Amino acid sequence: MLRLAQLGTWHLHAAHHVEAARRNRHTEVVLVWDERRAAGRAFAAEHALDFEHDLDVILARTDIDGVIIDTATSDHPDVIAAAARAGKHVFTEKVLTIRTDDAVSLINLAANNGVVLAVSLQRLIEAPIRTVKRLLDEGAVGKITASRIRYEHHGAVGVPWIPEHFFDKKQTGGGALIDLGAHPIYLAMLIHGCAPDAVTARMSYVTDREIEDNAVAVMDFPGGAFSVAEVSMVASFFAYSLEVTGTAGTIAIGPSDGRVLLRQGAAGEWVEQEPSPALADPFDQWVNAVMTGAVDPGHLTTALRVTQIIEAAYKSAESGRTVALEALSATPA
């Protein structure tokens, strides 16, 4: 049994992670920490857990095997580093960090301390995405020339369900692009089979907050392919859609029902595809990696690239120019 501490209740998914730990027969969350003591105590009481106000006390406990980190994104470098130095395995909500150099440091620190570090990239497990990946592996669309992925919700309009601190640039590093944008970025890398060479981004501020609530990023992939990531916090409901185009066909996931459709050739018709099974929940994958040592060697490379691409996208939006992506130096384990 892995005994875990919930570090931070800032993120919306903190409650989901506690529930994931309770569903997993190999894990138990035993206490909560949050530097915002009132919020941490309230969360602990709601979930029938103990609260500890001193992070050092938690990390010094030999009966704590790992931590779930849901602090503000700006606090990830300090809190994850402290946990890694204490030898605690780490599961954290995306993104890993705001800055690329911080992500590299954390990945290397975890490797050097024998810590399994995992970032929740939850859309990778979904059945429609696994179906798309299967079709691409089968060569269903020929050479991929373009992809378009859109994620949107109503968190900044109507009756917002996002906490106000999600609109604090200092804590988040940005708005729609760093939050929702992480999903189309790692999905684009899955679709195209590699990281992009460059990114160009535009952002807008529909609700006049200090963070962008509407954004688009175009990623340039080797061989002339493009991927367009569209994200918005000013839609009227949650939805996503995906399209992959190649020289021999197109795959589409519509916003209404999540069905995967394939059309091949000029005279072809749209054909619904048999769904592939979903993968295990990211939290359960992390638990399995901690217990068995079977770590996905590409996971942290993807998480690192997500941070790098997002950071480059913000530089692009600020400068009005395309930003090339440099080679990275890290030792993901």
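## Basis of the description

A residue is called buried when its relative accessible area is under 20%, exposed when that area is over 50%, and partly exposed in between, with a 1.4 Å probe and protein chains only. Helices (H or I, at least four residues) and strands (E, at least two) are DSSP runs numbered from the N terminus.

The model is predicted: local features need pLDDT of at least 70, side-chain atom pairs count only at pLDDT 80 or more, and totals for chains, interfaces and linings use all residues. Residues are numbered from 1 along each chain as its sequence is written, and side-chain values use heavy atoms, with hydrogens and water left out.

## Helix α2

Helix α2 spans residues 37-46, and its buried residues are G40, F43 and A44. These residues lie on the same side of α2 because they cover an arc of only 100° around the axis, the arc being that of the directions from the helix axis to the C-beta atoms. On the face turned away from this buried side, α2 carries the exposed residues A38, A45 and E46.

The buried residues of α2 pack against β1 (2-7), α1 (14-23), β2 (27-33) and β3 (50-51), where contact means heavy atoms within 4.5 Å. A48, which follows α2, has a positive phi near 55°.

## Strand β10 and its partners

Five of the seven residues of strand β10 (residues 226-232) are buried. Two strands pair if DSSP finds at least two bridges between them. β10 pairs with β7 (residues 144-152) in the parallel sense over seven bridges, and V228 in β10 is the bridge partner of R148.

With β9 (residues 214-220), β10 pairs in the antiparallel sense, also over seven bridges; here E230 in β10 stands opposite V216. The hairpin of β9 and β10 has five residues between the strands, and G223 takes a positive phi near 85° there.

## Pocket and cavity

On a 1 Å grid over the protein atoms alone, a cavity is a set of points where a 1.4 Å probe fits but cannot get out, whereas a pocket is an open set with protein on both sides within 12 Å along at least five of seven lines; lining residues have an atom within 4 Å of a point. The largest pocket holds about 680 Å³ of space. Its lining comprises 30 residues, of which L124, Q285, D296, G298 and H299 lie nearest the centre. The largest share of this lining, five residues, comes from α11.

The structure holds one cavity of 30 Å³ or more. About 110 Å³ of space lies in the largest cavity, and its lining includes W10, H11, K94, F166, D179 and M233.

Terms used: Points joined across faces, edges and corners; volume = space filled by probe spheres on them.
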